[in-house]
Number of protein chains: 2
Amino acid sequence: MSAPTQSAPPAGGTAPTAPQPPRTDAAANTQSTFLAACRGQPVSHTPIWVMRQAGRYLPEYRELRAKVDFESLTRKAELAAEVTLQPLRRFDLDAAILFSDIMTPLQGMGIDLHFDPGPVVRNPIRTDAQIDALPALRPARDLPFVLDSIKLIRPELPRGAPLIGFAGGPFTLLCYLVSGKPSKEFGVARSFLYAQPESAERLLDHLGDAMAAYLGAQAAAGAQALMMFESWAGLLAPREFNRFALRAVRRTMAKLREQTDVPLIYYVNQGSALMQSVADLDVDVIGVDWRSPLSECARILGPNKSLQGNLDPAALFAAPGELKRSAEIVLQEGRAARGHIFNLGHGIWPETSPDAVARLVDYVHESSSR
Amino acid sequence: MSAPTQSAPPAGGTAPTAPQPPRTDAAANTQSTFLAACRGQPVSHTPIWVMRQAGRYLPEYRELRAKVDFESLTRKAELAAEVTLQPLRRFDLDAAILFSDIMTPLQGMGIDLHFDPGPVVRNPIRTDAQIDALPALRPARDLPFVLDSIKLIRPELPRGAPLIGFAGGPFTLLCYLVSGKPSKEFGVARSFLYAQPESAERLLDHLGDAMAAYLGAQAAAGAQALMMFESWAGLLAPREFNRFALRAVRRTMAKLREQTDVPLIYYVNQGSALMQSVADLDVDVIGVDWRSPLSECARILGPNKSLQGNLDPAALFAAPGELKRSAEIVLQEGRAARGHIFNLGHGIWPETSPDAVARLVDYVHESSSR
């Protein structure tokens with residue numbers, strides 16, 4: 001359904017404490033259940049993190065956010081680092097994810113947009129002239145604060161919790177750029193695909209290349225895995241998904257494989273009908289929303305993909321016993337996959353109790369290490 | 001994604017013309033490709049109608065709507081009849097669908113709601129006391145204008161175009177009643193299922209029984225097929241869909257089968273992961289959104305169900321040649337089903353050109369009768 005653009009965790013009130021010597025990547029890899037599960041290697045327990053784990057459900061995030069607007073949180077390296085680290089201080093999570101927004105690199109490309117609260121693009125992009133005028137993204141020049149943030153976060157991470165960098169999928173970014181504002185149906189963007197298919201492909205290529213540069217720079221700065229959020233994948237039937245969204249992602253992932261060997265994750269929101277389409281995409285992990293049983297996804301994806309997901313965010317509102325039962329079903333379903341990273345099937349809701357998150361993290365660790 | 005509540009066609013500017021003698025049901029059945037396809041019987045061409053076919057994309061609807069508010073259109077039998085008939089005058093459609101709203105019977109039950117423009121419920125229903133206080137629906141007393149409208153429409157229908165009555169699915173109605181207003185995620189309703197599962201079941205039973213009475217009365221008044229719109233099915237994972245939505249629909253459909261032998265249609269919006277769940281539901285037709293290829297649905301549903309759908313509403317914005325190619329793919333996919341009724345996969349968008357609809361209707365008829 002919906003796709004939050006603020007797809008990552010925020011960090012809290014105080015500045016990072018005294019830096020510790022960074023571990024080497026090799027050490028981090030051997031210690032991380034998250035990275036092992038991404039690659040289908042044996043793990044001591046099922047790793048867990050939570051999409052939007054540093055979001056508005058955390059009092060310490062809301063406290064910081066009361067003082068600083070959302071955009072500043074994403075654009076100041078120290079604040080983004082703090083927000084990223086907040087949930088890691090509170091919960092025994094197996095990964096951190098950079099606090100940022102999928103629209104941030106588009107701002108870096110010079111596109112005039114603001115948040116109200118979703119992203120609003122002043123001049124929606126609908127012509128070839130506009131597409132051809134888009135500059136290439138040069139992350140070190142255009143988004144230095146993101147790369148600085150990664151460098152601040154890495155030494156502060158608890159043992160065994162790697163940092164995930166991320167970007168929006170090209171089609172998801174197209175939805176916002178063409179429609180100009182969030183929308184339930186993104187009708188303007190979807191009719192653009194049918195009415196101007198060549199223009200759509202041209203825009204997707206440009207966005208995909210920009211995201212390859214952006215994610216590659218995140219890995220070079222220290223991100224230990226890279227995730228692409230295709231939040232609006234589920235707007236497309238398989239034929240249009242293949243022609244537009246998947247074609248662009250293939251190209252992006254191929255460029256990334258040339259730059260880095262960190263695990264690559266593709267989150268296909270509302271992708272029940274799209275598993276066959278992504279089965280031969282060159283990524284390590286497919287992220288799955290709560291609607292598709294993981295065992296069915298694993299059957300279609302085969303033995304070359306790990307899975308990430310997919311508890312219904314609504315399950316965190318259940319009584320503790322029912323929450324455990326729901327989590328246990330996800331764990332059992334996940335055993336069908338080559339590797340399984342426990343997560344929600346979508347971003348955590350702002351109304352969620354942090355106590356429920358604590359119970360979930362502990363239960364997943366306990367149950368999967370028995 | 002979204003589910004319009006105004007799930008049916010409106011009619012235009014002038015009153016129905018001089019009545020003609022109604023055909024008998026038997027005659028209508030033998031002449032209707034729509035009814036034959038519902039039952040998996042041979043047809044001379046693939047029948048087509050369009051969800052929201054009498055909606056805002058029609059100038060004659062907008063003209064009427066400029067003079068009369070939406071709610072009055074649904075509550076005055078003559079106006080609802082006129083709106084229902086409008087698209088049948090313009091296009092060679094194979095079925096009409098009653099102009100009404102899925103919330104109309106809830107107003108008939110005394111629930112205080114208004115449209116702004118989506119339905120807003122003054123006192124959202126979240127306690128057992130509220131659920132137990134809901135009255136039973138008695139259609140002849142509570143919704144006489146709906147039944148009168150059906151009686152006005154029947155004699156005016158063109159030859160071979162039966163009238164479809166409809167209602168909202170119990171879970172979809174629950175979403176509005178519990179959340180109190182439309183929402184992208186319906187988080188309040190979804191967390192209600194987890195936090196108060198017994199209350200949810202009790203509410204669903206009540207709503208399902210009310211819809212059985214409502215649909216049964218529509219058939220008795222002259223509706224020749226009955227469709228239930230589960231517009232929000234896709235919010236649920238299969239486990240929750242089965243426990244809540246499907247359980248209630250099974251009960252509703254069983255009650256309907258005792259009252260009438262008209263074909264029953266269940267529209268499962270965003271139901272890619274739910275086909276297995278509905279495979280043994282006792283209905284004649286499953287309606288499918290645009291995301292799931294019909295051949296895959298037919299494979300899962302087996303030989304006892306016809307299919308209705310599922311062109312992407314965005315395809316109506318393509319150039320004529322591309323629209324034909326997209327329609328042809330749906331026709332080809334539909335051949336895998338026992339019977340196929342061509343439709344969009346979701347309601348037609350207000351921005352759609354009526355010319356594109358005319359081209360689509362003609363192409364489906366031409367191509368499928370070759």
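What follows is a chat about a predicted model with chains A and B.

Colleague: What should I know about the model before reading numbers off it?

Modeller: It is predicted: local features need pLDDT of at least 70, side-chain atom pairs count only at pLDDT 80 or more, and totals for chains, interfaces and linings use all residues. Residues are numbered from 1 along each chain as its sequence is written, while chains are lettered from A and ligands numbered from 1 in the order in which they are written.

Colleague: What rotation superposes chain B on chain A?

Modeller: A rotation of 180°, with 0.0 Å of shift along its axis. The RMSD is 0.0 Å. That is the relation of a two-fold axis. The same surface serves both copies, as 100% of the contact residues of chain B recur in chain A. Contact means that the C-beta atoms of two residues, placed from the backbone, lie within 7 Å. The superposition is by least squares on the C-alpha atoms of residues with pLDDT of at least 70 in both copies.

Colleague: Now the core. Which residues touch the most other members of the largest nonpolar one?

Modeller: L174(A) and L174(B), out of 250 residues in that core. A nonpolar core is a set of buried Ala, Val, Leu, Ile, Met, Phe, Trp, Tyr and Cys residues joined through C-beta atoms within 7 Å. Buried means 20 or more other C-beta atoms within 10 Å of a residue's own; exposed means 12 or fewer, and partly exposed is in between, with C-beta atoms placed from the backbone.

Colleague: And what does L174(B) touch?

Modeller: Leaving out residues up to four places away in sequence, L174(B) touches A189(B), A200(B), L203(B), L204(B) and L207(B).

Colleague: Over to chain A. How do α10(A) and α12(A) cross?

Modeller: Helix α10 covers residues 170-179 of chain A, and helix α12 covers residues 197-221. Their axes come within 9 Å and cross at roughly 120°. The two helices are therefore oblique to each other. The crossing is right-handed. Helices (H or I, at least four residues) and strands (E, at least two) are DSSP runs, numbered from the N terminus.

Colleague: What do those words rest on, the axes, "oblique" and the handedness?

Modeller: Axes are lines fitted to C-alpha atoms, for helices over the stretch in contact, and angles run from 0 to 180 degrees between N-to-C directions. Under 35 degrees is roughly parallel, over 145 roughly antiparallel, 65 to 115 roughly perpendicular, and the rest oblique. A crossing is left-handed if the near helix is turned anticlockwise from the far one by less than a right angle, and right-handed if clockwise.

Colleague: Which residues meet in α10(A) and α12(A)?

Modeller: P170(A), F171(A), L173(A) and L174(A) come from α10(A). They meet A200(A), L203(A), L204(A), L207(A), G208(A) and M211(A) in α12(A).

Colleague: In chain B, at what angle do α5 and α9 pack?

Modeller: About 50°, with the axes 8 Å apart. α5(B) is residues 77-90 and α9(B) is residues 144-153. That crossing is right-handed. Among the contact residues are A81(B) and L85(B) of α5(B), and F145(B) and L152(B) of α9(B).

Colleague: And how far apart are the axes of α16 and α17 in chain B?

Modeller: 10 Å, at an angle of about 45°. α16(B) passes α17(B) in a right-handed crossing. L323(B) and L331(B) are among the α16(B) residues that meet α17(B), where the partners include L360(B) and V364(B).

Colleague: What is phi at R52(B)?

Modeller: Near 65°, positive in a residue other than glycine. Most residues other than glycine have a negative phi. R52(B) sits in the loop between α2 and α3 of chain B. Q270(B) also has a positive phi, about 60°. Its loop runs between β6 and α14 of chain B.

Colleague: Is R52(B) buried or exposed?

Modeller: R52(B) counts as buried, with 25 C-beta neighbours inside 10 Å. Q270(B) counts as buried with 29.

Colleague: Last one. What does T252(B) touch?

Modeller: P170(B), G208(B), M211(B) and A212(B), not counting residues up to four places away in sequence. T252(B) is in helix α13 of chain B. T252(B) counts as buried, with 28 C-beta neighbours inside 10 Å.
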